[in-house]
Amino acid sequence: MFITERGHAKILDFGLAKQIRSAVSSAGQSDTALNEHETVGINEEQLTSPGTAVGTVAYMSPEQIRGKELDPRTDLFSFGVVLYEMATGTQPFRGETSGVVTDAILNRAPAPAIRLNPELPPKLQDVIDKALEKDRKLRCQSAAELRADLQRLKRDTGSGRLASSGAVTPASAELASAVGAAQHPSSSQAVGTASGSRVGLPSDAAHASGSSVVVEAAKHHKLGLSAGAIIALVILAAAGYGVYSLIGGKTAPPFQNFSISQITNNGKSARAAISPDGKYILSELDDGGKASLWLRNIPTNSDTQVIPPADTIYTNLDFSPDGNYIYFIKAEGAVQSVRDLFRAPVLGGAPQPVTRDIDSGISFSSDGKRFAFMRDNDPDVGRFQLRTSNADGTDEKMFASGPFAQASRNIAWLPTGNQVAEVQTQQGDQLSLIALFDVGSGQSKTIASFKDKLLARVVWLPDGKGLLALYLDGSTQFTRNQIGFVSYPGGQFHAVTKDTNSYATLTLSADAKTLATIQQKALRSFYVFPGAGTGATVPALALPQEKNIGDFAWAQAGGFYLAGPIDFERVSLDGSNKTVLMSNVGVFGINACPDGNDVVFSWIGQGGGNNINIWRADANGANATQLSFGRSDQYPKCSPDSKWVYYHEADSDKIMRVPADGSSKPAAVPGTAVAHGILTDRRVQISPDGKYIAYVITVSPPGNSTASVQKIVLLPLDAGPDPQKRLLDPDPRFSRQLTFTPDGKALAYAVRANGVENLWLQPLDGSPGRQITNFPAELINTYQWSPDGKSIGMLRGHTESDVVLLHDTGASSQ
């Protein structure tokens, strides 16, 4: 069944068909004329017979599967399957194998169509249920009976009977009108059967779609199909556009026109969630290194603290669908390697643990009884699991799993079905896609994919007709999250916000009229200070604070390479003499090689795809050459002799290296894997003498991820396939970016305390470590020693963020 762009329903395939030549018709008369025109004659061997499985299993009736005698009621069952599929977008009987589908047809009732598509008229649900009766004695007994049911639906829709009960939509009226058109064809229609001429219809009949025309044609052609089945198919064709308009017509994207209101004005609100009734906002306040949770009543602008300040990190906030509980995910350690889900009564009460070791946000089923989430690297390192549990965390079950490369922190349970959407990035040639997993079978399908957009958090509209999403794309060089809409089932994308802000978190009220998010502005500060540390005095800024820097590297001849949201440039130590090396690039990590001849960087969207790969260029930015070819290769580091480039391949979670001149393909560094360990810090470091590589891992005992610990790994290079590793314990406050000191006698890394990060030195001889910077605020984005080891360049920053609400104001008045 196809719907043309002009709105006409057409049957392009009746299913099983075969051209044969029959010598005698069922009436004993010659079919010579029919044979001359290659029409189909009756042959018992070509009809559906008892005990045979001819056709698609999902559309078979119970009696055909059981091998019983068949009659026209079997065709009516198949008609019901197709009508159900048109009304819901899915088949009533599904499964991984034909055996599972067969069992469903014989023993299981399909989910009510009106539950999957709440806009269906209840009377249409009754028609579908009657057609799908497993006992054919209780099914529609003839196509005429089914036609009468559809005519009754048309009459009641037209007379306003259904409207009085609030069940009719404009689309249902369109359906009834289409059914009526099928029953009242133009009287001018005719069928020509003269020998040597084709069966034809006058031009005005092309739009009539009348059942009498096709039945008459069937009589003249002596088709081997029951007239009842043909009538059913024609009714379906005539009604098709009405049903299509009901369930598949274009839906206006939400928030194409909206007003915006700012809820907080403290610059410290990191996350937010809106209650289902739209009256409350749950937000996280980060102040003085402590995080607390607050509840605001929007109509009264009154605030209540629900979770007191603590030295912790929150990653997700949510309300339960009934609005009675708040849910939040927090991590106690600075590295956030293990996160736990808690819930508390919305009006106050002690938080209770719900789920340990959770690696995504949660999303509730339509009835609010269960939620879905993702867990990775547990129990199997390198794999993820999609799981569900009761709202209190009990009865946890896995329904799908896969390789870590397909894992996602962003999932959403379809409100109108038993499927969970998951965002996956860099799959094939797609930068991101949305996969829809069936909770019952674990099977998945792609419902939208994008080569130019990197999707993050997604949330369904309550009617299931699309998802709102946070996304990055080339318009901001992948530096600022915007809000967009992805339609379902079409998968079309529409931008919602198009501004200079960045957005974080995304929740929606139950009526889909109000969206809560965090509006962010990132501020960066760049400092240069002595290699021994800052002492008690905070150094002055080396570059203006408004300089929008994402990453930097020391240039061997003096000055810096700066990676911003637009340009990749080189500047002098004081910020003067700026030279733009490349424009409109998205850079994920840069490093200058010690010989001063090359700069290496991670570049997105080059080389004919949407992957993030390692590139090298001359010191002046010329002669850019691709070195790696993975999906997500980041944070390159040159070896001290400038012959090798080391980096992290996120897709496989491996440490890789490649010759700086690109003379051979990348290869994994031997011996870097650690049993039950995953990389925590993706910036790999090489000792000044080039003999060791250092990196940080999280080690999780099998089946006990809550006992995870951080370890620093010192691995000798080129010491065979299984080199002897040295494992060190970092300071418990370890946060990010391990490096060697210029003399190679110590390791440095950021530690976090009271929401502030400073630099810590840990000597390799086992002597006590010490803090060498004393910044009173902000976090460390990145830092590097100068080539001569006498100075440290450090990029620090903080984010000003507030809660804002977007209110959908509907279609434009223009």
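In this predicted model, strands β35 and β36 form a hairpin with four residues between them. D653 lies in that turn and has a positive phi of about 60°.

Strand β36 spans residues 654–659, and five of its six residues are buried, so the strand is largely enclosed by the rest of the structure. In general, strands of a sheet pair through backbone hydrogen bonds, in either a parallel or an antiparallel sense.

Four strands form an open sheet in the order β12-β13-β14-β15, with antiparallel pairing. The edges are β12 (363–364) and β15 (397–403), each of which pairs on one side only. Strand β13 comprises residues 370–376 and is joined to β12 by two bridges, the two running antiparallel. The bridge partner of F364 is F371 in β13.

F371 leads on to the aromatic residues. The whole structure contains 22 aromatic pairs. One of them joins F371 and F373, whose ring centres are 5.9 Å apart with 50° between the planes, a tilted pair. What is the relative accessibility of F371? The value is 0%, so F371 counts as buried. F373 has a relative accessible area of 0% and is therefore buried. Side chains in a regular strand alternate between the two faces of the sheet.

Elsewhere, Y561, F568, F601, W603 and W615 form one aromatic cluster. A ring is also involved in a contact with a lysine: the charged end of K453 sits over the ring of F493, at 4.7 Å from its centre.

Is Q430 buried or exposed? Its relative accessible area is 14%, so Q430 is buried, given that the cut-off is under 20%. The Q430 side chain makes a polar contact with the side chain of D429, at 2.9 Å. Leaving aside residues up to four places away in sequence, Q430 touches S449, F450 and K451.

These local features belong to a chain of 814 residues, 49% of which are buried. The secondary structure comes to 11 helices and 47 strands. Of the contacts between residues at least 6 apart in sequence, 45% join residues at least 24 apart. The chain exposes about 36,400 Å², and carbon and sulfur atoms supply 49% of that area.

Technical notes
Residues are numbered from 1 along each chain as its sequence is written. This is a predicted model: local features need pLDDT of at least 70, side-chain atom pairs count only at pLDDT 80 or more; totals for chains, interfaces and linings use all residues. Side-chain values use heavy atoms; hydrogens and water are left out. Buried means under 20% relative accessible area, exposed over 50%, partly exposed in between (1.4 Å probe, protein chains only). Two strands pair if DSSP finds at least two bridges between them. Rings of Phe, Tyr and Trp (its six-membered ring) pair if their centres lie within 6.5 Å; planes under 30 degrees apart count as stacked, over 60 as edge-to-face and the rest as tilted. A charge sits over a ring if NZ of Lys or CZ of Arg is within 6 Å of the ring centre and within 35 degrees of the ring normal. A polar contact is a pair of N or O atoms within 3.5 Å; within protein, one must be able to donate a hydrogen and the other to accept it, and residues adjacent in sequence count only if both atoms are side-chain atoms. Contact means heavy atoms within 4.5 Å. Accessible areas come from the Shrake-Rupley method with a 1.4 Å probe; for residues, only the protein chains shown count as cover.
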